[in-house]
Amino acid sequence: MLVLFETPAGFALFKVLDEGKLDKVDDLWKEFTTSDSARRVVELKAFNKFENTSDALSAATLIIDSKPSKGLRKFLQKHCEGETLAVADSKLGNAIKEKLKIDCVHNSAVMELMRGLRNQLTELITGLGAQDLGPMSLGLSHSLSRYKLKFSPEKVDTMIIQAIGLLDDLDKELNTYAMRVREWYGWHFPELTKIVTDNIQYAKVVKMMGNRANAVKIDFSEILSDEDVETQLKEAAVISMGTEVSDLDLLNIRELCDQVLALSEYRAQLYDYLKSRMNTIAPNLTALVGELVGARLIAHGGSLLNLAKQPGSTIQILGAEKALFRALKTKHSTPKYGLIYHASLIGKASQKHKGKISRSLAAKTALAIRYDALGDGEDNSIGTESRLKVSALQK
């Protein structure tokens, strides 16, 4: 029987010289108290050294996922023909048996043997000293930690949390800047506020028009799709009761309009990014409650995995914790919904059915989140199917 042992320097194959000693599991540790006694039990048959750190990192990440690397497969095919292989990971043993047709063993005796090998490793492998093994282990562990932090699927949802937080901040800033434009330009052309209600259109009109006296000779058709609104604007500009402003004032107002339009453009770009990330990481949650509500639920829960651990009743009132504790303290009715209230399915429901729809939607959302966080599929079939079932309750 051969033993596969993984080290930071490479893969080692040991030949078991006396398999009868494996029957006495409780006494096996005594055979590895000294290097001489250990050599009477096992001897090194082959050693496959890693070429560099990246090779070691690649092999280690695959081993963690219980998958043999290409180099390990070649190594075992060369030395394990007709032999039984003892492995420390049963899943890795199954993968080796499936791909290489090598019989693998994993039991308590093998684990005790592994502990003994680890104790006398530097003595059994020539050229691998304790002074070399320590730095190798440390370097590989650091590289592996950086790799897992960078590529771990559990960490990807932090991008969604940051994006939805920034999106909310942009909405606040955009609203503040847009209101400042209306207030500032309102001294010159107060009637425009009621004529153009959309903030972005207002900023575009102000930037194009400048002084209200220019309104008559400017074509606003690219900004204002409604001809009646454009006519009202031009008529109001002629009879406006606003004060006159200097060119310097208009220059600063236009620069503020540029800021509003730039923020609006960036917000649209950020929303597209968030939509793309949500459809990739949580497709079923997105199909059920939408990108924004789904992202806010993930952000409030801390991560998609944390959210998957919550029951439907918790997801239903997530975001309404203050109202819940206030209701419990004052013995009033508890809230029926939190962040999930902004989902389109609840918005479309009649007032008397909102509570029923929110309960059903929260239960379906909990299942969708668990499938996204823990399932292997990448489609949104469960979310789409659940959405149709909840929609049917409204009829």
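User: Why is Glu 230 called buried?

Analyst: Its relative accessible area is 11%, and buried means under 20%, exposed over 50% and partly exposed in between, with a 1.4 Å probe and protein chains only. Glu 230 therefore counts as buried. This is a predicted model, in which local features need pLDDT of at least 70, side-chain atom pairs count only at pLDDT 80 or more, and totals for chains, interfaces and linings use all residues. Residues are numbered from 1 along each chain as its sequence is written, and side-chain values use heavy atoms, with hydrogens and water left out.

User: What makes Glu 230 and Lys 234 a salt bridge?

Analyst: The closest N and O atoms of the two are 3.4 Å apart. A salt bridge is a side-chain nitrogen of Lys or Arg within 4 Å of a carboxyl oxygen of Asp or Glu, so the pair qualifies. Both residues are in helix H11, four residues apart, and so about one helical turn separates them. Helices are DSSP runs (H or I, at least four residues), numbered from the N terminus. Lys 234 has a relative accessibility of 23% and is therefore partly exposed.

User: How do you know that the buried residues of H20 line one face of the helix?

Analyst: Gly 383, Ser 386 and Val 390 are buried in H20. Seen down the helix axis, the buried residues fall within an arc of 65°, so they line one face; the arc is that of the directions from the helix axis to the C-beta atoms. They pack against helix H13 (283-289), H18 and helix H19 (354-374).

User: Is Leu 345 buried or exposed, and which residues does Leu 345 contact?

Analyst: Leu 345, in helix H18 (residues 344-348), has a relative accessible area of 2% and is therefore buried. Contact means heavy atoms within 4.5 Å. Leaving aside neighbours within four places in sequence, Leu 345 is in contact with residues including Leu 288, Ile 357, Val 390 and Gln 394. Gln 394 is 49 residues from Leu 345 in sequence and 8.9 Å away in space, C-alpha to C-alpha.

Key
Helix = DSSP H or I, 4+ residues; strand = E, 2+ residues; numbered from the N terminus.
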